Each structure stands twice: as structure tokens, then as C-alpha cells.
Amino acid sequence: MATSVREKQTVALKRMLNFNTPPLKNTAAEPVWKVLIYDRFGQDIISPLLSVKELRDMGITLHLLLHSDRDPIPDVPAIYFLMPTEENIDRICQDLRSQLYESYYLNFISAISRSKLEDIASAALAANAVSQVTKVFDQYLNFITLEDDMFILCHQNKELISYHAINRADIQDTDMEAIMDTIVDSLFCFFVTLGAVPIIRCPRGNAAEMVAVKLDKKLRENLRDARNSLFTGDSMAAGQFSFQRPLLVLADRNMDMATPLHHTWTYQALIHDVLDFHLNRVLMEEGGGTDSSHTGARPKKKIKKMYDLTAADRFWQKHKGSPFPEVAESVQEELDTYRTQEDEVKRLKSIMGLDGEDEGAISMLSDNTAKLTSAVSSLPELLEKKRLIDLHTNVATAVLDHIKSRKLDVYFEYEEKLMSKSTIDKSLLDIVSDPYAGTPEDKMRLFLIFYITAQQVPSESDLEQYRKALLDAGCDLSPLNYIKQWKAFTKMASTPANYGNSGVKPMGLFSRVMNTGSQFVMEGVKNLVLKQHNLPVTRILDNLMEMKSHPETDDYRYFDPKMLRGSESSIPRNKNPFQEAIVFVVGGGNYIEYQNLVDYAKSKPGRKVVYGCSELFNAAQFMKQLAQLGQK
């Protein structure tokens, strides 16, 4: 039984690739060969879940983008997986007219409207291809799962539902409706795939509330239409939530603006912060520098390298939430154990006389044959291990370069102190005016966090001094303009978010990694260890999941789509704590919050928490959006 959303979405995709019939177990029969036609949305949904090899095992010989030039393959069935947009529908009709494939299985990521279906039907009639359109399905898969417990809504066109789009000053009501409908459509797909109807809680008076109202209505309408409800029958019976329903907490990005700007210290969040990391794939440039061996040294070409960080990678699964120093140490350990295994294979080779003839080798053959056999059989494993070690060595080294060149450990430690209101030993101006500490962007992030978390807004004269220092450091001040408005607005609405008393204790220098033999030269980087503390989003979840009374969450609205009358009751029906919860941040999220929730769930046995957000941005992308908002 698939448990996580990631598994459920994968099962749904596999069923679709098998012509919408459950894949048969234990059949030795060859799969039916077929082509897969997708659009960019479909590609983003499939790529984090299924590799090319898995697609091939399912009989997909070719996978092509819908809007590319495709040759006719008249004797092969085609499976389409795409959004029901005007241009996609036109292209399908064109394919039917050109008679590209033997039969057509049309799968729409999100539900298709009646009128668009009629367009396809009339095109099929005109092209005399009605019998070839075998099946049309709504798949309700309009979201992207990145981890067992993390999903985002979309990667293409994400600027349409970004923080900037929702918080623009000049936004029209119709635009806002459209954005909310897009978000709700994806969340609806998420719950259909999960096979559960949630109980919804949200704060009042912001975008999260609008999403809650619309989602409640959409779930309610679907449940009421008993004949076509997506939550009855087999999908629900299979859902293991049947005893208890999950809690959906809709949060708004505006409740915590400091965390998305925060410098971080855990592996996955650091990769996302300093490298190009999208849909579980890191893009890195390697090489570079000049080749000095011959005269007229030309700069070496940089090679773009792609690394996939997947669920199958045990090292990644274990360490993606660890503090960076620990990761560096673990990579080093892995490397050492790998080397000893490799040496063992080499030693056996030399004994076996594979490196030159040797009299003594013959007598030793018998007892070493067994050893050699085991060594050879473990070779594929060894090679895979080597690939993963190389991958993490490269990625971790690239992250380390950023930490060292930008003094990110200093930033992280200072921001943690700001956020936990602990005593500060170094003035902010020192860091801002230190030319060696970080990029202008790092300085701006630090200052914004200082500004957001400050109990009293700094006086004009102080602000002027900071402004000057920031401008001298080359910072773009437009994000500050927006944050000032935001702070003035939220100050009326509520008290500043409390970040818990996180402390960071520096531990002695890295023991293993300080050895000279190590891959990672960590001198001067602080070995900071995190203490568990809850970010605002985790605290809100904790209050609602454990049914605690707390001023922060007491006036949250309560929706239960299964209740017949849409009564606005803010009184929860059950007083029992929830076992499962989904936290969804409207306006964008990040790996720092994700990691904080994962740690929280680990500390509560038997609880499951899933994190979702309308888009996933790192601090640089978020700053860009704040700058756009501040320029108006």
C-alpha cells in the first residue's frame, strides 16, 4: 500500500503509462511499446519521480515534448500527459488530423472543461479518427512531489502565483481570483491523489484565507455530487486515512518574512541557497581557470554538470538535513571506507597473478577464488558507491567554497542571534562594511532580517547610517522599501513573529575534516551545531495539530468540507490531536522551513507532516521579488 504522496503520485503515473490499467505483477511479458507526449508541466511532474530507465522498463521508447516537431509513427499507441490549455488542445487536434499515431490516450494533468472536450471530439470526427482516440482521462496530478513529505504547485509559469504576484499593490480582483483558482486547483489535485478530505485551518484576512474558502467550496461540491465524487469508492478504501482525516494548515508567507532570507547551515538548504538547485537537480559549472601548460593560455571551458539528488541516494536521504560540517565529515568517512574496499580488490588482483606471473600465486589460488568472486560481485555496488561519493564530494566542495568566500558561517550565526533575540557581540555595521564578508546580497539579507526582527524600528538617523553603509557595499535598497511598508502594515495587525530560542553553539574545530588528508579544507569555518527550535510555521502547526490554545492561532478559521451545512464554526469538532498534517504556505516556501518541520515530526513519534508551498524560492529569488515590489 503506497503511503506517501510521492508513492501515490508515482503509482498514478505508472498506471497512466500502462494505459490506465494497474500494472500487472509477475508477468514476464514484454511491455507494450509506446510513445509519451508531454508538455513542460507534465515533464516537471514526471522528472523528479521516474527516471528514463524506469520509463523504458514501462515500454516508453520515446518521450517528446508536445510542441516539438514530431514524425508520424503510425503503428504505435501514444500516451499524452499535459495541461488542458488552448494551445495544447489545438496541437492535439493537429496530431489527429496528421494521423501521427495508431491510437491516442489523452491524459490531462488537471480537469478539462466540457467545451475543450468538444473541440477535440469535432477534430477527431473531421479527421475520421474517432475510433483511434481510445481514452480520455483527467489525472488530477497538477502538483510536483519533491520528497516523500514535500510538494510544490508548479515550476513552469510560477511567476503567475509568486509572492510578488499575490502582494502587488496594483492587483485587480480578477487577477487575484485567477491566482487563487490556480492554487486551489493544484491543492484539490493533491487531495484527490492523497485520497483524503482534510480539515482546513487558516488565519484571517489574507491570501491563505481566500485559498481556504475556495478549496472548502470545491471539495464540498465534489463530495456532494455523489455519482462523480473523486473521494468515494476505491480511492478512499485504499486511503489509509479512513480512520482519521489529515489537518491542512494554510499559512501565509507574510507571517514570517525573515526565514526565507535567512542564511542556513543544513546541507539541502545550503545547496538550494548557493547553487542552482531545481526539481531535485543541481546544475554546476566545473573546470575553469586557465591552462598554463602552454603559451597563450586559453581559459578552460567550463563544463555544465548535472547531478540528481534522489530518494535512492542513501547518503543524501540520511544527511540532507544535517549541519554542513557533519556532512563534510561523513563524505570523508565514506571516501575512506570506499578506498579500503578498492585496495582490497587491487590486492586480490595482484595475488591472483593478474599483475605479472608469480610462483606463489598458484598455491594461493584456491582460497582466494572465493574472495575474488565476492569482490567481483560487489563491483557494481562499489561503482555506484563511487559515483555517489564523487557527486557529494563535488557538491559539498562547491558549497564549501561559497561558505568560505562569503563567510556564510558568520552570517548564519549572527542572524540566528538576531532571530532568537540573544545578545550580540559584534555590530551590524562591522559586517556590512567588511569588504571580505559576503556579497552585497548577503549584507542586504542580514540587514533585512535585522529590520524585520527588531522590536523597535531603528531611528531615522541610525537608518541613514545603515543605508549609507549598504549603498557603499553596493546593495540594492529596493527590497527595504517594500519591507518597510510590510512592517508598518503587520505592526498594526499583529506582534512580530517569535523565532523560538534557537541557540547555535560553536563546537571545537572539525576533528576529522581538519586532518591534512581530507578533501575539505575547512580552516576558519566555524563548526556550528544547531539546537532544535521551532520556526513560526512549525509553531503554528504544533498549536493546531495538538489542539493547544494559543493567542497566535486561536482565531484561525475552521472548515470541514464534509459537514453538510457550510457552517462557519471556528469550534473544532474533535478535541483529539491530529496524526497527519499538511502545512501549505501561500506565497512561497523554502528548505529551511521544510527541514524544521521534518525535525519537528521526528520528535513526535507517529506523527506525519507534509510541507507544501506555491513555489520554492531561495533567498536570492525572494529578494528579487521584494525588489520588484519595492520599486513601485
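These legends describe close-up views of a predicted model of one protein.

Residues are numbered from 1 along each chain as its sequence is written, and side-chain values use heavy atoms, with hydrogens and water left out. Because the model is predicted, local features need pLDDT of at least 70 and side-chain atom pairs count only at pLDDT 80 or more, while totals for chains, interfaces and linings use all residues.

**View 1. Confidence along the chain.**
The mean pLDDT of the protein is 83, where pLDDT is the predictor's confidence in each residue, from 0 to 100. A value of 70 or more is reached by 82% of the residues. Over residues 234-242 the pLDDT stays under 50, and the model has 14 contacts for this stretch beyond four places in sequence; a contact means heavy atoms within 4.5 Å. Residues 289-297 also have pLDDT below 50, with 10 contacts in the model beyond near neighbours in sequence. Where pLDDT is low, the predicted coordinates should not be read in detail.

**View 2. The open sheet of five strands.**
Helices (H or I, at least four residues) and strands (E, at least two) are DSSP runs, numbered from the N terminus. Two strands pair if DSSP finds at least two bridges between them. The strands of this open sheet follow the order β2-β1-β3-β4-β5, with parallel pairing. β2 (60-65) and β5 (133-138) stand at the edges with a single partner strand each, so one side of each has no neighbour in the sheet. From one strand to the next, the twist averages 20°. Strand β4 (residues 101-108) pairs with β5 in the parallel sense over five bridges, and Leu-106 stands opposite Val-136 in β5. Helix α1 (residues 5-17) packs on the sheet and touches β1 (34-38), β2, β3 (73-82) and β4. The direction of α1 makes about 155° with that of β3; axes are lines fitted to C-alpha atoms, for helices over the stretch in contact, and angles run from 0 to 180 degrees between N-to-C directions. Helix α4 (residues 86-98) packs on the sheet as well, touching β3, β4 and β5, and its direction makes about 165° with that of β4.

**View 3. Strand β1 within its sheet.**
Five of the five residues of β1 are buried, which means under 20% relative accessible area; exposed is over 50%, and partly exposed lies in between (1.4 Å probe, protein chains only). Lys-34, Leu-36 and Tyr-38 point one way from the strand, and Val-35 and Ile-37 point the other way. β1 runs parallel to β2, joined by five bridges, with Val-35 opposite Leu-62. β1 also pairs with β3 in the parallel sense over four bridges, and there Tyr-38 stands opposite Phe-81.

**View 4. The open sheet of seven strands and strand β9.**
This sheet has the order β6-β7-β17-β16-β9-β8-β15, with mixed pairing. β6 (144-147) and β15 (557-559) are at the edges, each with a single partner strand, so one side of each is left without a neighbour in the sheet. The twist averages 20° from one strand to the next. Strand β9 (residues 247-252) is largely enclosed by the rest of the structure, because six of its six residues are buried. Leu-247, Val-249 and Ala-251 lie on one side of β9 and Leu-248, Leu-250 and Asp-252 on the other. Strand β8 (residues 199-202) pairs with β9 in the parallel sense over three bridges, and Ile-199 has Leu-247 as its bridge partner. Strand β16 (residues 580-586) pairs with β9 in the parallel sense over six bridges. In β16, Val-583 is the bridge partner of Val-249, and Phe-584 is that of Leu-250.

**View 5. Surroundings of Leu-153.**
Leu-153 is found in the loop between β7 (150-152) and α6 (163-167). Its relative accessible area is 2%, so Leu-153 is buried. Not counting residues up to four places away in sequence, Leu-153 touches several residues, including Phe-143, Ile-161, Ile-183, Phe-584 and Cys-613. Leu-153 and Cys-189 are 36 residues apart in sequence, and their C-alpha atoms are 9.9 Å apart.

**View 6. Helix α10.**
Helix α10 (residues 267-274) is largely enclosed by the rest of the structure, because eight of its eight residues are buried. Among them are Tyr-267, Gln-268, His-272 and Asp-273.
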